Amino acid sequence: MHKSVLLQETIEGLRLTKGDVVIDATTGAGGHTKAILEVVGSSGKVLAIDRDVEALSIASNVTRGENVTFAHANFTQIEKVAKEKGFTCVSATLADLGVSSMQLTRPHRGFSLKSRGVLDMRMDKSQELSALTVVNEYSEDELARIFRNYGEEKRARACAKAIALFRKHESFKTTDQLAEVVRGVIPASYRGGKKIDPATKVFQAIRIEVNDELTSLESTLPQMVRLLAPGGRMAIISFHSLEDRIVKQFFSRAARDCLCPPEFPKCQCNHKKSLKIITRKPIRPTEDEIAKNPRARSAKLRIAEKIN
Ligand SMILES: C[S@@+](CC[C@H](N)C(=O)[O-])C[C@H]1O[C@@H](n2cnc3c(N)ncnc32)[C@H](O)[C@@H]1O
């Protein structure tokens, strides 16, 4: 089962109180949603969104009650969904990014490099693009680009070459086939002596591509701000540097009045700040949390407050 990351820190950082109206854009196993419901009480309400129907089914079992509304949607549609469900001008919004432990470890979801499942990696099973298409049909150049850009994999080209070579003889079907081919390419020296599977970065890159994770995040952050009432807070938990960079840069721009280049004598953009940054440095999990939940090790929580 999924263990919620930075749970207490998120609840405290959002400064929730009884009666608050909150949107959890990534309900997952319902851990954060449940904790939020406990604080906002029966006079508050929560909209819990996820693009994964299996997650919604788990979350709805964990958080029964009249003051939670579930929605199967991509958070890129958050403003539209919120309007449809009557959640406008909310007290707080949360996105706990990436995948849940259920998605990562259940072989039939096709994310796991430790077990054998059909290559899939779709958070939303109703979408067409899956890992099978990416691995079997993307050109060697396209694969190298995503391994470099989304996996920050130093041996991106070599991994793409090995995949293209394998495909000349047979198509990829399962996660273990792909993991084996990638492990064969990344020599021990590149593994940095860490106990991390050498295929991890390639798997991460394919997952990001399949689920369009970075573009989705970019288009969702401004919507999360617009949904907040003045004084409302948003919290984003990210799990790798690519996501965190997007959140950090977005907060930094939203917290500035003018975005014109410094050489402009006068402001021409008329950009007005909409956020106050609450966490100058991201909040990281404690050693104790990491020991209990190793998946938390790369988590970073950033919080900002709507100012107008
Ligand atoms: C880390 S888990 C959330 C765990 C949750 N906070 C908890 O405590 O149980 C991330 C969830 O976000 C969902 N997700 C990721 N990207 C999404 C998107 N673009 N739209 C909606 N849900 C998304 C995933 O399906 C997954 O269930």
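A polar side-chain atom of Asp50 sits 2.7 Å from an oxygen atom of the ligand. That is a polar contact (N or O atoms within 3.5 Å). The model is predicted, with pLDDT of at least 70 needed for local features and 80 or more for side-chain atom pairs, while totals for chains, interfaces and linings use all residues. Numbering starts from 1 along each chain as its sequence is written, and side-chain values use heavy atoms, without hydrogens and water.

Asn74 also takes part. An N or O atom of its side chain lies 2.9 Å from a nitrogen atom of the ligand. Gly31 uses its backbone: an N or O atom there is 3.2 Å from a ligand oxygen atom. The protein buries 99% of the 600 Å² that the ligand exposes when taken alone. These areas are Shrake-Rupley values with a 1.4 Å probe.

## The shell around the ligand

## Aromatic pairs

The whole structure has 2 aromatic pairs (ring centres within 6.5 Å). One of them joins Phe250 and Phe251, with 6.4 Å between centres and 55 degrees between planes. This pair is tilted, as the angle is neither under 30 degrees (stacked) nor over 60 (edge-to-face).

Buried or exposed: which is Phe251? Phe251 is buried, because its relative accessibility is 2%, and buried means under 20%. Phe250, at 19%, counts as buried too.

Definitions and conventions
Polar contact = N/O pair within 3.5 Å; in protein donor to acceptor, adjacent residues only side chain to side chain. Phe/Tyr/Trp six-rings, centres within 6.5 Å; stacked < 30°, edge-to-face > 60°. Buried < 20%, exposed > 50% of the residue type's maximum accessible area, 1.4 Å probe, protein only.
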